Amino acid sequence: MTERLQIGTGPETIRVLKAALVNGLLPDTYVSAGSLVHMEAVSGGLTAAADEDSPLPVAASVVTPAGLAGLLAEHAYVYRAKSRKSDTGDPEMYEEEVTPPRDILSSVLAGKTWPGVPPLRGIIGAPVLRRDGTLLQQPGYDPATGLYLASKVALPPVPDQPTPEQVAEARHFLLGRFLRDFPWASAADRANYVALLATPILRHFTRSLTPFALIDATMPSSGKTILTAGPGMLYGQRVMTWAYSDDELRKSITAVLAEQVGVVIWDNLAEGSVIDSAVLAQLVTSGVWSDRQLGASRNIATVNDRLWMATGNNLQVGGDMASRTVRVHLDPDMPRPELRDQSGFGIPHLDQWITDPANQLTVLWHLLVLVLDWTRQGAPRVSGLSMRQFTPWAQALGGFLAHHGIDGFLTNAADVREIDEDETRWRAFLTTWHDRHGGRAMTAADLRRDAEPMQLGSDVNDPWDGQFITTHNGRLPNPLQLGRMLTGQAGRWRGEHVIRAGTNDRGRAVYWVEPHQG
């Protein structure tokens with residue numbers, strides 16, 4: 001039954017409408033960051049390809065004055081009592097349905113306090129584990145978590161205690177069919193991927209940050225995009241072009257955090273690209289992302305609850321990203337991977353198969369069965385794993401994988417360091433420096449002069465054989481730049497060597513290299 005709201009003067013109308021909203025007048029209306037938001041279905045959704053955006057089927061729209069006018073017209077009868085002369089000449093009361101003026105609606109929405117209105121903490125595209133270990137799988141709003149489940153696929157109820165037969169079938173499907181035919185470079189790459197696939201389900205349960213996911217291959221057409229489509233199709237994905245400047249990267253991150261997707265994918269980076277971004281390093285180690293709102297002068301803060309991924313061929317990482325990255329590497333070891341005979345594959349033409357909602361349901365169902373079997377056993381963790389800010393994630397996912405006999409998780413961490421361009425450059429620089437000068441203390445100017453090419457007849461000889469450290473644009477630094485670079489690296493071990501810093505008897509900064517003793 002449509003609720004009747006009688007309004008009058010401006011102040012009275014504001015009080016009546018505010019009270020009605022607080023008392024639940026509008027269905028699917030919540031409060032987020034102090035603003036009323038309304039959940040609404042998104043029309044026009046189409047089945048997406050594996051490398052295309054796949055948004056969630058609902059969106060939380062901030063209620064604007066115009067939006068509130070429309071919602072009131074849909075869910076309430078708003079009227080004023082008016083009088084007019086009857087045929088007898090006596091006053092006669094009647095009701096006139098009205099739309100409150102825009103300034104009144106703006107005043108109603110201006111406040112930040114909405115007592116009684118349930119808080120919306122996020123929109124998810126697939127079931128997740130609550131912090132108490134129970135599974136949030138009923139579509140719609142969940143009061144216990146403040147999350148709204150807008151399933152990408154209609155999922156039948158998953159049993160709290162899967163049978164041994166269901167668990168065995170789930171393992172066989174995921175490992176023996178779905179993931180069987182990818183050219184994993186090692187067992188670690190498959191284990192890491194399964195961990196990433198389950199991460200959005202376990203994020204709220206583990207209460208942890210999630211590392212950056214790098215999915216790369218030695219050759220095109222190895223299956224990278226299909227792997228990102230796994231979580232992307234299940235949880236909602238946004239596919240973006242990589243921004244090669246930190247300023248543009250920051251803008252794109254802020255913009256995509258306003259969208260309702262669970263996975264963000266930078267797809268198909270240029271071959272050999274180096275992912276070395278202070279902005280990205282900050283993103284994956286921040287539970288809340290804060291930045292200036294695009295087109296406005298105020299800052300916004302958004303919960304960082306996404307899985308961030310990148311794909312490409314022979315990618316590298318630099319700076320702090322090596323310790324913040326989980327790598328999944330594919331190596332088909334053949335010239336034309338796309339020509340492989342798929343007749344014997346567990347699932348032929350997987351790139352098309354994964355875009356079918358019915359098949360996405362199958363993947364998600366079996367994954368949830370494995371998760372609930374793990375929690376039924378007390379969700380055992382692996383205490384020996386450590387990964388900086390991501391240790392809770394690593395220990396929980398390591399326990400999940402170990403419970404299901406999936407070996408190799410994070411054992412390719414050394415491989416990630418090997419593709420760390422920054423680490424490789426500094427390691428070579430320090431090794432060559434020590435080979436040339438031992439532990440002799442040198443000023444930055446002395447060291448820079450030592451890198452000058454020498455003329456030998458008609459030839460120019462580089463005494464460092466290309467191993468002297470360079471700036472980000474590939475040029476040799478001047479003494480001032482070099483001194484700053486060396487100071488920033490003092491005390492940091494690079495392979496078997498470390499830079500030490502001090503002052504000489506004239507008070508000038510000097511630097512030297514020490515090898516590891518032991």
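An open sheet of three strands runs in the order β23-β24-β25, with antiparallel pairing. Its edge strands are β23 (493–494) and β25 (509–515), each of which pairs on one side only. Strand β24 (residues 497–503) pairs with β25 in the antiparallel sense over seven bridges. Within this pair, Arg 500 stands opposite Trp 512 in β25. Two strands are taken to pair if DSSP finds at least two bridges between them.

The model is predicted: local features need pLDDT of at least 70, side-chain atom pairs count only at pLDDT 80 or more, and totals for chains, interfaces and linings use all residues. Residues are numbered from 1 along each chain as its sequence is written, and side-chain values use heavy atoms, with hydrogens and water left out.

The secondary structure of the protein comes to 15 helices and 25 strands. Helices (H or I, at least four residues) and strands (E, at least two) are DSSP runs, numbered from the N terminus. The C-alpha atoms fill a box of roughly 120 × 65 × 45 Å, taken along the principal axes. Of the 518 residues, 47% count as buried. Buried means under 20% relative accessible area, exposed over 50%, and partly exposed in between (1.4 Å probe, protein chains only). Among contacts with a separation of 6 or more, 71% join residues 24 or more positions apart. A contact requires heavy atoms within 4.5 Å.

Strand β2 (residues 29–32) pairs with β3 in the antiparallel sense over four bridges. Tyr 30 stands opposite Val 37 in β3. The β2 and β3 hairpin has two residues between the strands, and Ala 33 takes a positive phi near 55 degrees there.

Side chains alternate along strand β16 (residues 288–292). β16 pairs with β17 in the antiparallel sense over five bridges. Asp 291 stands opposite Ile 300 in β17.

The largest pocket holds about 1100 Å³ of space. Its lining comprises 38 residues, with Ser 32, Leu 257, Ala 258, Gln 260 and Thr 302 nearest the centre. Two or more lining residues come from each of β3 (35–41), β4 (58–62), β7 (122–124), α5 (187–206), α7 (246–256) and β17 (299–303). β17 gives the most, with five residues. On a 1 Å grid over the protein atoms alone, a pocket is an open set of points where a 1.4 Å probe fits, with protein on both sides within 12 Å along at least five of seven lines; lining residues have an atom within 4 Å of a point.

Helix α5 contains Asn 192. Asn 192 is buried, with a relative accessible area of 0%. Not counting residues up to four places away in sequence, Asn 192 touches Val 326, Arg 327, Val 328, Gly 408, Phe 409, Leu 410 and Asn 412.

How values were computed: Points joined across faces, edges and corners; volume = space filled by probe spheres on them.
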